[in-house]
Amino acid sequence: MSAATRRLTTAQALVRFLAAQYTERDGVRHRLVAGTWGIFGHGNVAGVGQALVEYGDVMPFHQGRSEQAMVHAAVGHARHLNRLSAQAVTTSIGPGATNLVTGAALATVNRLPVLLLPGDYFASHAADPLLQQLEHPSEADVSVNDALRPVSRYFDRISRPEALLASAPRAMRVLADPAETGAVTLALPQDVQAEAFDWPEEFFADRVWRVRRPAPDPEELADAVRALRAARRPLIVAGGGVHHGEAEAALEALVDATGIPVASTQAGKGSLRHDHPADLGGIGHTGTAVADDLARTADLVIGVGTRYSDFTTASGTLFQDPGVRFLNLNITAFDAHKLAARTLVCDARAGLTALTGALSGHRVPSSYEDEYRAGRARWEETVRAALRADDENAVPTQTQVLGALDAVVGDEDVVINAAGSLPGDLHKLWRSRSPRQYHLEYGYSCMGYEIPAALGVQQAAPGVPVWALVGDGTYLMNPTEIVTAVQEELPVKLVLVQNHGYASIGGLSESVGAERFGTDYRHRAADGSFTGAPLPVDLAANAASLGMDVLRAKTVRELREALSTARAATRPTCVYVETVAGDAPGAQAWWDVPVAEVSARDAATGARARYEQAVADRRHHL
């Protein structure tokens, strides 16, 4: 007797399959693919589009306005749910598919799961070339979707319906595996999407992908404990893996038992609450003075769930103790072995818990605790000064905008940012009150991430106030998902900071001898110089035209009132504020941006001299 089958198109079968996939960790189950974002065109409307209509009762659909933004929204959703749930993104062929590349790179760089379902050419080549098809003169099986290969953790082109039987489970395994996850791409030729096949009923049965918590190897653990007991000035660098592994309580237990201080990367900030006596704040180029000072003299650096970007290591110049060594606890061996470290390849919670047990009775010298606590107190005075506004009727600086927001948010609020000058100010100054509050995408630092990511987070956390902090440059990159927020009645809060240009890159341009060229949004004279007059652009009116409620604030007092109103709002709401230049704390460590070796301009030659002095401090940890 033959096994039961169900006759469906490939697209219908895929949607039904995705709806039956789950993750489970610590006994808690999640939908692996919780919904699908889509923009329809001739590469997916008759296949995946029809299937989503057919099975709308089991697969929620979200209508996007930009393919890149849809990926950002899915990434925001996955990050907020600690990678235990993902979303899919479907597009047409051609530009719809290639618009996924930036979002896919962001997801893979940040080790965050997203399923991409771009349309593709006809597998049969019956209609060839298609509208929007790229023709390759010597490789007929190449399409624009091949641009997604290097930014995907798993890629397959489903050229026959039955190929999905093997490929779809493989794709789910990668999505659910914390050591391998990232963007997963199943390219779907449009004729195959619509082709019917007799699918085994087992293909549609509920399937649970258990997310493991691998324990540390006993020998690696023993080696790590010896290193920790021998260290006099150990420092923990907490990365995003602490959050992904829901290991915050385990980290706090280790710190409380041993007194080891914690500095955090952008992805790891909030691993300890800001007022914990061992929390030093951010580390690296955008870090705090206390964290970076201790990093320079640390004899053992314990990286937990970090991949050590150049911002964290100050481009190899931060960890300067002659005998400094590294111990890396990471679920991914690729990251654990960086900086010639001793390794603990394991789950963050499992590894931290094992270390706490094995270090029973061990504590850092009391003089070391006194030192870093005094440094914390000094930095807290810097934070208060930067956030404080002495004149409530003055136009705020950018750091005073953060101070006003700090005064309004609760522990449950989520603050999202990704690019510009805000990440540096936030990393140094933001007081994280809970593990999920600080949401900075700084692995790819992608302008345009914030607004769509806020939608994904709001879907993952209904009822939680979600704030997207956006400068004028980022807003002009990607405001379109405001329309989706209005359509789906997602009450995200947008803080739109207008400073008439690229503040971050303008400062960098000046520091490397490029003289802020091309970084201002102002009128230009015939000779190419800026006249200083702002362009007659009203971004607040633009946000209102897209359906947001808009509150304009001109002073610190008006800003705080507007933020309070926005927090209570039940519709998408924008708080618009123009800022003046202020004295934010400067960089506490270097960042390597190579400067022109020769130039006829004094600004560049001076910058090169400073660069050569700084780069001399770089170390290769071998």
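Hi everyone, let's start at Tyr308, which sits in the loop between β15 (300-304) and α12 (310-313). A word on those labels: helices (H or I, at least four residues) and strands (E, at least two) are DSSP runs, numbered from the N terminus. Please keep in mind that this is a predicted model, where local features need pLDDT of at least 70, side-chain atom pairs count only at pLDDT 80 or more, and totals for chains, interfaces and linings use all residues. Residues are numbered from 1 along each chain as its sequence is written, and side-chain values use heavy atoms, with hydrogens and water left out.

So what is the phi of Tyr308? It is near 55 degrees, a positive value in a residue other than glycine. Most residues other than glycine have a negative phi, and most peptide bonds are trans. Tyr308 is also buried, with a relative accessible area of 9%; buried means under 20% relative accessible area, with a 1.4 Å probe and protein chains only.

Next comes Ser315, in the loop between α12 and β16 (325-330). Its phi is near 55 degrees, again positive in a residue other than glycine. Ser315 is buried, with a relative accessible area of 8%.

Now for a peptide bond: Asp128 and Pro129 are joined by a cis one, with omega about 5 degrees. Look for Pro129 in the loop between β7 (114-120) and β8 (154-157).

Let's zoom out. The protein chain is divided into domain 1 (5-210), domain 2 (218-378) and domain 3 (390-500 + 535-578), with bounds from an automatic or database domain assignment. How do domain 1 and domain 3 meet? In domain 1, 24 residues are in contact with 27 residues of domain 3, where contact means heavy atoms within 4.5 Å. Together these two domains bury about 2100 Å², 57% of it on carbon and sulfur atoms. Buried area here is the accessible area (1.4 Å probe) that two parts lose on being put together, summed over both. On the domain 1 side, Arg65, Arg79 and His80 lose the most area to domain 3, together 33% of what that side buries.

How many salt bridges are there between domain 1 and domain 3? The count is zero, taking a salt bridge as a side-chain nitrogen of Lys or Arg within 4 Å of a carboxyl oxygen of Asp or Glu. On the side of domain 1 that touches domain 3, β5 (61-63), α3 (67-80) and α5 (101-109) each supply at least two residues. The most come from α3, with nine residues.

Terms used: Buried means under 20% relative accessible area, exposed over 50%, partly exposed in between (1.4 Å probe, protein chains only).
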